[in-house]
Amino acid sequence: MILKLLNTEEIGFNYIIASVGALVALVDFGFAPQFIRNIAYVFSGAKSLKKEGVADFVESNDISYHLLAALITTAKKVYAILGMIALLLLLSVGTIYVYHVTQGFTNVDHSLIIWIVFSMSMFFQIYYDYYNFCLIGAGKIKQAQIAQISTQLFKIILTIILLLLGLGLLGVVLAYLISPFLNRFLAYRFFFVTAMKKELKKWRIEKEEIKQTFSIIWHNAKNAGICKLAQYLTYNTTLLLVGVFCSLEEVASYGLTIQLYGVICAGAITLMDAYQPLLASLIVSNKQKTLRNKAALGMFAFYGVYVFGAAILILLGNPILNLMGANANLPSSTILLTYAIFYFLYNNMWQMCQVLIAANQYPFTKSLLYTSVWMVVLGILSLKYTEFGLMGVVLVTGMVQLYTDYYWVKKVLIFLKIDMFSFIILGLRQGVNICLNGVENMGLRMKYGK
């Protein structure tokens, strides 16, 4: 609906807004995975937290609600501060950038108001994030997905309604502003059930304990934050650079490419994302074989979904957009294929590294940051001094990261004590078994009418 009802300038501005929003989301600076993982440790029986590695596992079903209360209280205060930092950055530095790309707020109607509304939406989105982390860390993956999917569906429906009412891009950002409140409501209801609230109310967390908990979380949050910065520099920054050196029409084309591959990848990594608390729990309890099996199955799902989705996008992307009457098109098939290959290699490396992250280890931080900085530098040089355009940006982004993509996958395989071929076969075997069991169960249900 956005591609059909907005003009090319508005579509380009929409992708710029999303890219700047992703930049500001970096104020999280790696706190999210730290809170998720440490909450998972607590629900797995941990009675204390460590800055590096994991505390000794205690075979017990008892949850340390005191430790859990300290984590939740710390998370609430941290995300209130992060939300305010994000808002200030958006309304100051972000406004200057938007003023530049919209030629003084002139080539997109109501661009200043749109920007202010979007800035407020980012504050609430960041501030309420910790509710989702509590759910995921507690292993309530189904409830977390229900909250997030419901929120996204609500945002989509509201966006369509506001677009049809003629509010244009302003309607899109208004939907962004309203939707975090639904997510907060659902996540709160799912996590803070009566028994949970009763247990947590027993504990009053003092400032000193909050500082101590923050110190533990911050130790690796800064490493995770550097990784997030590297991720942003790898792909989102290139869109901002295209916005400086190219037209809004090219920005719309490249932004659409990033968005659609992002959607494909989000679907492909769903199982690995869902496994994060489980991987942390398996590492705490030293269950190496199960850890290897789950990691292999998660990556098998990633490979299958990504390859299928990328093939559909390359072959049918533009025909579908033309059928929709969209006011923006994808770049050439050559660019789409090249982007697909490099984006696959990068996400393969990053998803494999989730195993190390589950073990509270970040040995890859510096190499990811150095690689991403080189991508930005070479991307600027390519756009400014060559005629390669979007293809130049894609090639630079992909080729610089090739060694990093190979090196850290190899390190994770060593950690799991398996080679790549055996790892893929292990994932394939488990995937096939799950499919066969599903077919068998379906046949039994049809036979017995259950």
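## Helices, buried spots and salt bridges

G45 is buried, with a relative accessibility of 0%; buried here means under 20% relative accessible area, exposed over 50%, and partly exposed in between, using a 1.4 Å probe and protein chains only. This is a predicted model, so local features need pLDDT of at least 70 and side-chain atom pairs count only at pLDDT 80 or more, while totals for chains, interfaces and linings use all residues. Numbering starts from 1 along each chain as its sequence is written, and side-chain values use heavy atoms, with hydrogens and water left out.

**G45 and its loop**

- You'll find G45 in the loop between α3 (31-43) and α4; helices are DSSP runs of H or I with at least four residues, and strands are runs of E with at least two, numbered from the N terminus.

**How α2 meets α4**

- Helix α2 (residues 8-24) packs against helix α4 (residues 65-101) at an angle of about 145°, and their axes are 11 Å apart.
- For these values, axes are lines fitted to C-alpha atoms, for helices over the stretch in contact, and angles run from 0 to 180 degrees between N-to-C directions.
- The α2/α4 crossing is right-handed; that label applies if the near helix is turned clockwise from the far one by less than a right angle, and left-handed if anticlockwise.
- On the α2 side, F13, I16, V20 and V24 make the contact, and on the α4 side A86, L90, Y97, V98 and V101 do; contact means heavy atoms within 4.5 Å.
- In this α2/α4 contact you get nine nonpolar residues, no polar ones and no charged ones, where Ala, Val, Leu, Ile, Met, Phe, Trp, Tyr, Cys and Pro count as nonpolar, Asp, Glu, Lys and Arg as charged, and the others, Gly among them, as polar.

**α6, tucked away**

- Helix α6 (residues 129-137) has eight of its nine residues buried, so it is largely enclosed by the rest of the structure.
- Those buried residues are Y130, Y131, N132, F133, C134, L135, I136 and G137.
- The cover over the buried part of α6 includes α3, α4, α5, α7 (141-164), α8 (169-191) and α13 (276-284).
- After α6 comes G139, which has a positive phi near 85°.

- T397 belongs to helix α17 (residues 389-400) and is buried at 2% relative accessibility.
- A polar atom of the T397 side chain lies 2.8 Å from the backbone oxygen of V393.
- S253 is part of helix α11 (residues 248-268), and is buried with a relative accessible area of 10%.
- Setting aside neighbours within four places in sequence, S253 touches N329, L330, P331 and L390.
- Y306, on the other hand, is 53 residues from S253 in sequence and 21 Å away, C-alpha to C-alpha.
- Y303 has its place in helix α14 (residues 288-324) and counts as buried, at 15% relative accessible area.
- Beyond its neighbours within four places in sequence, Y303 is in contact with F344, N348, M420 and I424.
- Y303 and G427 are 10.0 Å apart, C-alpha to C-alpha, with a sequence separation of 124 residues.

**Salt bridges**

- The count is two salt bridges, each needing a side-chain nitrogen of Lys or Arg within 4 Å of a carboxyl oxygen of Asp or Glu.
- One pairs E199 with K202, with the closest N and O atoms 3.4 Å apart.
- E199 is partly exposed at 24% relative accessible area, while K202 is exposed at 54%.
- R204 and E206 also join their side chains in a salt bridge, at 3.6 Å from N to O.
- R204 is exposed, with 72% relative accessible area, whereas E206 is partly exposed at 46%.

**Positive phi outside glycine**

- H110 isn't a glycine, yet it has a positive phi of about 60°.
- The loop between α4 and α5 (111-127) is where H110 is found, and H110 is exposed, with a relative accessible area of 52%.
- K417 is another non-glycine residue with a positive phi of about 60°.
- K417 falls in the loop between α18 (402-416) and α19 (420-448), and is exposed at 67% relative accessibility.

Technical notes: A polar contact is a pair of N or O atoms within 3.5 Å; within protein, one must be able to donate a hydrogen and the other to accept it, and residues adjacent in sequence count only if both atoms are side-chain atoms.
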